[in-house]
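Open your viewer and get your selection tool ready. We will go from stop to stop together, and at each one you will hear what to select and what is there.

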Amino acid sequence: MTALSNDSSGRSSQSTAPFRMVERNALAWRHNWWVIASGAFEPLFYLLGLGFGMGALVGAIDVNGVEMPYKNFVAPGLMASAAMNGAVFDTTMNFWFKLKQERTFDAILNTPLTLTDIVVGELGWSVARGAIYALFFLIAMAALGLTTSWWVLLTLPAAILIAWMFGSLGIYFTTYMRTWTDFDFLPLILMPLFLASTTFFTLQTYPTWARPIVQATPLYQGAALLRNLSFGTPGWNDVGHVVYMVVLSALCTRAASKRLGPLLQS
Amino acid sequence: MTTALSAVDLRKSFGDFEAVKGISFEVPTGQTFSILGPNGAGKSSTMKMVTTVSPVTSGSLTVLGMDPTTNGRAIRARLGVVPQEDILDSEMTVRENLVMYSRYFGISWADARTKADELLKFVQLADRAGDKVEPLSGGMKRRLTIARALVNDPSLVLLDEPTTGLDPQARHLLWDRLYQLKEQGVSLLLTTHYMDEAEQLADRLIIMDNGTISAEGSPTQLIAEHCSKEVVELRFDNRTSPELQSVAEQSGLRIENLPDRTLVYADDGDAALSHLAEQGVHPTGTLIRRATLEDVFLALTGRSLNE
Ligand SMILES: Nc1ncnc2c1ncn2[C@@H]1O[C@H](COP(=O)(O)OP(=O)(O)OP(=O)(O)O)[C@@H](O)[C@H]1O
Ligand SMILES: [Mg+2]
């Protein structure tokens, strides 16, 4: 037995290592798959209740000079929040549980997996969950006759970007949490973000001074991009939205990995 | 003879605090090496550096011929790690814990399942395969953690206090399993508070205290060097005996006063006891026993291990 003859037959290559985290989560969730499934329905309820229900009262609204039914306006914003929700579940409380409470990652770091594998794998899982929620919502939109342009197909990759942004934000945020109760603040951040991101009201509804603040929030960026794609009216400002999200995602992913190092490998 | 593990002037600091203060040791392939020491001695800090998870502060460390700072992944692929605390995956069943752990090593699902069943038998947990981890007893969790460390047929197994909290039966089962591993040529590094465990299992050992090595050798060597063959334990009604102190000094006997008893080191316990009786020392209780590593530790540090 020579010292360097490791990884003989039957051992996977290193590039697939992050996928082990996806397998781990699938196995762990296997007993509670309905929790994941039910999360996909939440935005759909908003669409039916607010988009169709309240939309009947509101009638047609003016979006950047174009008249459209309220339900058509609400749908892409809700798709953005579907991607956000899917990505946030497993990168906040569930991530903290594995990081601090159960110390699942400590055990995994004793295997060939590296910290980067874990971060990439956990993000991959969360992005997949967000993307599946978004896809499910997109199919519902199509079935309800809310898709009008072929551009809408591009909302899917855009939703993946939204999920990455919120997944990495979630992990970064979670590295600062000391106890379980710190997460009580999470709804206080997510709820206003959800309400004030032009999901339910057009940007013109806000007072002029508040508009730049709304526009600076990550969910606004995602919702605005999905709306333009879904209405078939993409423009140069959408390049801005994409750049914003790519940059924020990359920064958060890097920062989160940096903070996890000392937490797990002191 | 090849070397499974070697450390030269190995150090570990946490901020200003130095937990491991320059230790050197070597574990030859196929041997069992033990680190003994009281709480806070630096045993776990040393183990974590060997697992490549905790970065070495200074000094050199070679694990299975590789450098932990550059070859962490390749080293871990061939290590089995039993951490001091059982960190099992509470979101899975007993068997799934083993199957998933195999997957982290890139073992195929089919092989992982076969291995899981084999290891569950090995640690006598086959009847709990489908149970959640949480309701398992402490000893069962420990055994599952040990089984988990073996999924990849490791060349070197690190066990941080593997038998703490186990009942005597489970301890002997584990010792038996460790012998079997050793027979297969696996190198073992284990920390323990239990002297008898080190005496039973270790080919060589170091005694660590305060981040440094205070003695090194085989169990018999250490006893021979730092202790007598036998130890006489004396108990007195009023705890101590003033005569004993002076008698011991006159006749050059080494003694050690403990809170509840006094130890007398002698190569012939019976002879020492009758000598003391002649000099007027009359303990209320006596026990002559073989010297153990516990006595070595006491002689070296003046403290008992489990204080
Ligand atoms: N992550 C850490 N940060 C700061 N100090 C640490 C850390 N880990 C260990 N120490 C300190 O290093 C010293 C040695 O700890 P270590 O866990 O290595 O001891 P040990 O010999 O394993 O003890 P025990 O028998 O209690 O398990 C202790 O004083 C401990 O407080
Ligand atoms: Mg320890």
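**Before you start**

This is a predicted model, in which local features need pLDDT of at least 70 and side-chain atom pairs count only at pLDDT 80 or more, while totals for chains, interfaces and linings use all residues. Residues are numbered from 1 along each chain as its sequence is written, chains are lettered from A and ligands numbered from 1 in the order in which they are written, and side-chain values use heavy atoms, with hydrogens and water left out.

**Stop 1: the magnesium ion**

Select ligand 2, the magnesium ion, then B:Ser44 and B:Gln84. Which atoms are the protein donors of the ion? They are OG of B:Ser44 and OE1 of B:Gln84, lying 1.9 to 2.2 Å from the magnesium. Donors here are N, O and S atoms within 2.8 Å of the metal (3.2 Å for Na, K and Ca); water is not among the atoms, so sites may look incomplete.

Now colour by secondary structure. Helices (H or I, at least four residues) and strands (E, at least two) are DSSP runs, numbered from the N terminus. B:Ser44 belongs to helix 1 (residues 43-50) of chain B, and B:Gln84 to the loop between strand 5 (79-82) and helix 3 (94-104) of chain B, so the pair ties together parts that are 40 residues apart in sequence.

Are these two buried or exposed? Buried means under 20% relative accessible area, exposed over 50%, and partly exposed in between (1.4 Å probe, protein chains only). B:Ser44, at 18%, counts as buried, whereas B:Gln84, at 36%, counts as partly exposed.

**Stop 2: helix 1 of chain B**

Among the buried ones are B:Lys43, B:Thr46 and B:Val50.

**Stop 3: the six-stranded sheet**

Next, show the strands of chain B in the order 5-6-7-3-8-9; they form an open sheet with mixed pairing. Two strands pair if DSSP finds at least two bridges between them. Strand 5 and strand 9 (212-217) of chain B are at the edges with a single partner strand each, so one side of each is left without a neighbour in the sheet. From one strand to the next, the twist averages 15°.

Zoom in on strand 5 and strand 6 (residues 156-160) of chain B, which pair in the parallel sense over four bridges. Here B:Gly80 has B:Val157 in strand 6 as its bridge partner. Helix 1 of chain B packs on this sheet, touching strands that include strand 3 (32-36) and strand 7 (187-192) of chain B, and its direction makes about 155° with that of strand 7. Such angles run from 0 to 180 degrees between N-to-C directions, with axes fitted to C-alpha atoms, for helices over the stretch in contact; contact means heavy atoms within 4.5 Å.

**Stop 4: the three-stranded sheet**

Strand 1 (residues 3-14) and strand 4 of chain B are joined by five bridges, and B:Ala7 has B:Leu61 as its bridge partner in strand 4.

**Stop 5: where the chains meet**

Show both chains. In contact here are 37 residues of chain A and 38 residues of chain B. Together the two chains bury about 3300 Å², 53% of it on carbon and sulfur atoms. Buried area is the accessible area (1.4 Å probe) that two parts lose on being put together, summed over both.

How many salt bridges cross this interface? There are six, where a salt bridge is a side-chain nitrogen of Lys or Arg within 4 Å of a carboxyl oxygen of Asp or Glu. For a salt bridge to zoom in on, pick A:Glu23 and B:Arg103, whose side chains meet at 2.7 Å, N to O.

**Stop 6: single residues**

Select A:Thr198, in the loop between helix 8 (186-195) and helix 9 (211-216) of chain A. Its phi is positive, near 65°, and A:Thr198 is buried, at 0% relative accessible area.

Then go to B:Asp153, in the loop between helix 5 (138-148) and strand 6 of chain B. B:Asp153 also has a positive phi, about 45°, but it is exposed, at 56%.
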